[in-house]
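Please study the sequence and the structure before reading each solution.

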Amino acid sequence: MTFQNNLQFAQQLDAQDELKNYRQQFIFPQHNGKDVIYFTGNSLGLQPKSAKNYVDEVMNDWANLAVEGHFYADKPWWDYHERFAEPLSKIMGTKPSEVSVMNTLTINLHLLMVSFYRPTTTRYKIICEEKAFPSDQYMFQSQVNHHGFKPEEAIVEIKRREGEHNIRIEDILAKIEEVGDELALVLFGGVNYYTGQVFDMKTITEAGHKVGAYVGFDLAHAAGNIKLELHDWNVDFAAWCSYKYMNSGPGNASGIFVHEKHHHSNLPRFAGWWGHNKERRFKMEPSFDPVHGADGWQVSNLPILSLAPYLASVELFAEVGMDKLITKRNQITAYLEFILHEIDKEVNSTFEIITPSNQEERACQLSVFLHGEGRSLFEYLMSNGVITDWREPNVIRLAPVPLYTSYEDMYNFGQILKQGILLKG
Ligand SMILES: *Cc1c(COP(=O)(O)O)cnc(C)c1O
């Protein structure tokens with residue numbers, strides 16, 4: 001499609017947008033009486049209007065039923081998490097028994113590493129991406145230390161080549177082969193949080209397995225953003241947070257995936273009563289008999305108040321389906337890219353999109369490196385109702401989330417950006 005940088009064209013794309021009505025199902029912060037232009041759904045998704053009803057339902061059941069809510073609420077609490085299995089499995093490309101919801105993301109990665117990072121004196125290395133999200137870096141270091149190894153020896157980061165912004169798949173594969181039988185675990189992001197680069201998880205998984213390592217993914221920026229086929233790709237495990245693209249609310253619950261092939265294994269784990277055989281859970285027996293499924297990695301009974309808004313959002317996603325989301329995602333991201341290039345030409349600016357330009361390697365985030373303008377431009381955008389975020393040293397990240405952003409937003413953003421650059425320049 002040939003894009004145009006004008007309001008009428010943007011509105012025409014909105015009129016043709018199959019998902020246009022979903023925007024009304026979200027609550028937008030206001031700026032001068034208008035919806036903000038929201039580019040940070042990759043950091044904290046907007047609130048679905050249905051979320052409050054789901055939370056109120058739990059509050060009312062608690063008020064009216066108290067302890068009996070565990071079994072007699074409309075959505076009983078003791079197995080509330082099981083309502084996620086079906087819709088979440090569609091979003092993540094898994095079987096229902098392979099997903100569960102619990103805890104928060106970094107905690108879940110730690111718990112999964114208890115099972116899948118079992119270093120020996122000869123096989124103890126972890127391959128990860130250079131500049132992984134800081135929480136993941138701390139996690140790797142502390143896990144390695146916990147097992148008595150040295151982070152500088154055990155952690156192998158795949159680096160970007162000099163002068164390049166993204167990691168090449170051939171470099172990942174070559175490093176996996178090189179580390180070979182010293183490799184215990186590959187734990188990569190599905191989508192890099194900084195550049196928005198999407199990694200080829202199927203190929204990475206195959207390569208890791210070939211040298212005898214486990215392969216897992218941190219899907220914080222992938223869940224609800226890209227097409228996932230975790231089961232078919234044969235990924236061993238994964239975890240994600242739900243407050244980014246999945247709109248569940250600040251700091252909210254995480255999801256995990258454990259491949260079916262591990263459900264009957266003797267992998268060690270840190271256990272708790274919610275991972276225990278469901279039929280016998282309340283018999284309070286002394287020996288642990290894990291649920292055969294991802295639920296077997298649960299520890300505590302679940303924070304129902306935080307699952308409630310997550311469930312509202314998951315049901316919305318399941319209704320829309322990832323395929324439609326991805327169709328719009330690709331078009332609106334391409335439109336944003338077009339607008340950025342147009343403005344760049346008009347004002348003779350020098351910003352650079354560091355996210356890969358091919359559709360296979362990106363999702364809905366474009367990271368823009370501001371060579372000249374810098375932080376004052378970011379502040380100008382924020383004070384004019386464009387919500388983006390700033391990452392050191394000089395990057396703004398723009399995520400046109402397909403469920404609730406419009407093509408008109410993209411056009412309006414371009415105009416505000418242009419004014420900002422002209423004012424600062
Ligand atoms: C957002 C994000 C996290 C956050 O972890 P929490 O435990 O939810 O605070 C971790 N890893 C990555 C890659 C992220 O993008």
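**Exercise 1.** Describe the salt bridge that Arg 160 forms with Glu 130, and state where each partner lies.

Solution. Step 1: Arg 160 and Glu 130 form a salt bridge, and their closest N and O atoms are 3.1 Å apart. A salt bridge is a side-chain nitrogen of Lys or Arg within 4 Å of a carboxyl oxygen of Asp or Glu. Step 2: Arg 160 sits in the loop between β8 (155-158) and α8 (169-179), while Glu 130 sits in the loop between β7 (125-129) and α6 (134-146); the pair, 30 residues apart, thus links distant parts of the chain. Helices (H or I, at least four residues) and strands (E, at least two) are DSSP runs, numbered from the N terminus. Step 3: Both Arg 160 and Glu 130 are buried. Buried means under 20% relative accessible area, exposed over 50%, and partly exposed in between (1.4 Å probe, protein chains only).

The model is predicted: local features need pLDDT of at least 70, side-chain atom pairs count only at pLDDT 80 or more, and totals for chains, interfaces and linings use all residues. Residues are numbered from 1 along each chain as its sequence is written, and side-chain values use heavy atoms, with hydrogens and water left out.

**Exercise 2.** Which parts does the salt bridge between Glu 18 and Lys 324 tie together?

Solution. Step 1: The side chains of Glu 18 and Lys 324 meet at 3.6 Å, N to O. Step 2: Glu 18 belongs to the loop between α1 (7-16) and β1 (26-27) and Lys 324 to helix α12 (residues 322-347), so the pair ties together parts that are 306 residues apart in sequence. Step 3: Glu 18 is exposed, at 61% relative accessible area, whereas Lys 324 is partly exposed, at 40%.

**Exercise 3.** Locate Glu 379 and Arg 375, and give the distance of their salt bridge.

Solution. Step 1: Both residues lie in helix α13 (residues 375-383), four residues apart, about one turn of the helix. Step 3: Glu 379 is partly exposed, with a relative accessible area of 42%.
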